[in-house]
Amino acid sequence: MILRVENLSVSYYMEYGKIEAVKNVTFDLEKGEILSIIGESGSGKSTLAKAILRAIRYPGKIEEGSKIFFNGTDILSMKESDFKREILWKRISYVPQSSQNSLNNTMRVIDHFYDTAVSHGVNDKEEVKRTAKELLKMVRLDPDRVGKAYPFQLSGGMKQRVIIALSLLLNPELIIMDEAVSSLDVATQRYILEIIKDINKKTGVSIIFITHDISIAAFISSRIIVMYAGEIMEEGKTEEVIKNPLHPYTAGLINSVPSINSNVSQIKPIKEGYASIEGCPFNNRCEKAMEICKLSEPPIYNVNNRKVRCFLYGDNKA
Ligand SMILES: Nc1ncnc2c1ncn2[C@@H]1O[C@H](COP(=O)(O)OP(=O)(O)O)[C@@H](O)[C@H]1O
Ligand code: SF4
Ligand SMILES: [Mg+2]
């Protein structure tokens with residue numbers, strides 16, 4: 001196991017009240033695994049990613065009792081300077097949401113590699129250049145041509161591949177990719193997802209792949225965690241979750257996507273609405289809601305080695 005997130009809660013303390021963006025989230029990540037975290041916008045995915053990167057800033061706060069173990073060490077109890085020096089980018093790197101805009105248009109692509117290396121204490125320019133070229137090749141870019149180019153000369157898909165190459169520069173054990181292909185057209189998405197799978201196979205790097213698109217999660221990952229309103233609703237092997245979703249929200253996500261729903265006549269969007277603050281957060285949108293769903297919040301039940309937070313599985317209480 002490379003990562004264990006335990007009882008992670010993150011809130012944003014706003015003037016008008018507290019937003020509980022991540023609530024009591026617990027999960028493991030195995031070495032070499034690609035795990036998808038999926039959920040609609042606002043479900044807490046980026047906040048979860050930022051917590052693992054220790055990048056939660058005011059008014060956000062990681063609540064007491066939260067633990068994040070990376071190779072057995074609780075990184076939340078490390079001194080921030082130690083975390084930045086020893087872990088960030090070198091062992092855990094990331095591809096942030098809307099990352100294409102994070103490239104500097106006045107700097108050549110290769111200089112982004114030097115910059116990243118230097119800011120993490122690696123100063124051997126020749127070595128960085130060699131590695132950068134290898135990595136650009138790995139993401140199927142021409143290392144010489146693209147290395148010399150400025151970001152504005154590249155397409156969105158090329159920029160995204162540069163960012164992925166950059167995230168690999170210091171040979172991390174874990175990469176957190178937040179909506180890494182979301183802004184791209186479907187053909188480019190597929191191409192980049194293939195590249196990411198390939199990198200995972202070749203290097204053995206573990207990946208947390210965050211997306212709002214369940215068809216992308218189905219394609220890239222071996223396991224899926226479904227989040228809603230900051231909480232885990234369902235977790236299981238990708239094949240099983242897609243073939244037989246247990247949670248009504250997961251079923252809704254699958255039924256609203258044409259590419260993984262073979263029966264086009266059954267495509268049906270989920271009823272619109274906000275997360276309910278009482279009872280099951282999904283109760284006001286759920287077709288299967290029962291009386292109890294409005295009154296109390298369901299715990300997580302274990303069902304055949306899968307986890308689901310829904311009263312429909314109440315007899316299987318863990
Ligand atoms: N910096 C912030 N300040 C205040 N609220 C925030 C901040 N970042 C996220 N939130 C809130 O936290 C919740 C989860 O957001 P986020 O983690 O970005 O979700 P996702 O990535 O799934 O779209 C949302 O209600 C969002 O408005
Ligand atoms: S607990 Fe109730 S409202 Fe929530 S998903 Fe299950 S059936 Fe629907
Ligand atoms: Mg996000």
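1. Conventions. In this predicted model, local features need pLDDT of at least 70 and side-chain atom pairs count only at pLDDT 80 or more, while totals for chains, interfaces and linings use all residues. Residues are numbered from 1 along each chain as its sequence is written, chains are lettered from A and ligands numbered from 1 in the order in which they are written, and side-chain values use heavy atoms, with hydrogens and water left out.

2. Magnesium site. The protein donors of the magnesium ion (ligand 3) are Ser-46 through OG and Gln-97 through OE1, at 2.1 to 2.3 Å. Donors here are N, O and S atoms within 2.8 Å of the metal (3.2 Å for Na, K and Ca); water is not among the atoms, so the site may look incomplete. Ser-46 belongs to helix α1 (residues 45-52), whereas Gln-97 sits in the loop between β7 (92-95) and α3 (109-119), and the two are 51 residues apart. Helices (H or I, at least four residues) and strands (E, at least two) are DSSP runs, numbered from the N terminus.

3. Ser-46 counts as buried at 19% relative accessibility, and Gln-97 is partly exposed at 41%. The classes are buried under 20% relative accessible area, exposed over 50% and partly exposed in between (1.4 Å probe, protein chains only).

4. Shell of ligand 1. The residues around ligand 1 include Tyr-12, Met-14, Glu-40, Lys-45 and Ser-46; a residue is near a molecule or strand if one of its heavy atoms lies within 4 Å of it. Strands β1 (3-14) and β2 (17-29) and helix α1 each supply at least two shell residues, and the largest share, 3 residues, comes from α1. By class the shell has 4 nonpolar, 6 polar and 2 charged residues. In this scheme Ala, Val, Leu, Ile, Met, Phe, Trp, Tyr, Cys and Pro count as nonpolar, Asp, Glu, Lys and Arg as charged, and the others, Gly among them, as polar.

5. Atom pairs at ligand 1. Oxygen atoms of ligand 1 lie 2.7 Å from a backbone N or O atom of Gly-42, 2.8 Å from a side-chain N or O atom of Lys-45 and 2.9 Å from a backbone N or O atom of Ser-46. Taken alone, ligand 1 exposes 560 Å², of which the protein buries 67%.

6. Strand β10. In β10 (residues 223-228), 6 of 6 residues are buried. Arg-223, Ile-225 and Met-227 lie on one side, with Ile-224, Val-226 and Tyr-228 on the other. Strand β3 (residues 34-38) pairs with β10 in the parallel sense over 4 bridges, with Leu-35 opposite Arg-223. Pairing requires that DSSP find at least two bridges between the strands.

7. Hairpins. β10 pairs with β11 (residues 231-237) in the antiparallel sense over 6 bridges, and Tyr-228 has Glu-231 as its bridge partner. Their hairpin has 2 residues between the strands, and Ala-229 takes a positive phi near 50°. β1 and β2 run antiparallel and are joined by 9 bridges; Tyr-13 is the bridge partner of Lys-18. A hairpin joins these two strands through 2 residues.

8. Leu-253. This residue is in helix α10 (residues 248-255) and is buried at 8% relative accessible area. Leu-253 and Gln-153 are 100 residues apart in sequence and 37 Å apart in space, C-alpha to C-alpha.

Technical notes. A polar contact is a pair of N or O atoms within 3.5 Å; within protein, one must be able to donate a hydrogen and the other to accept it, and residues adjacent in sequence count only if both atoms are side-chain atoms. Accessible areas come from the Shrake-Rupley method with a 1.4 Å probe; for residues, only the protein chains shown count as cover.
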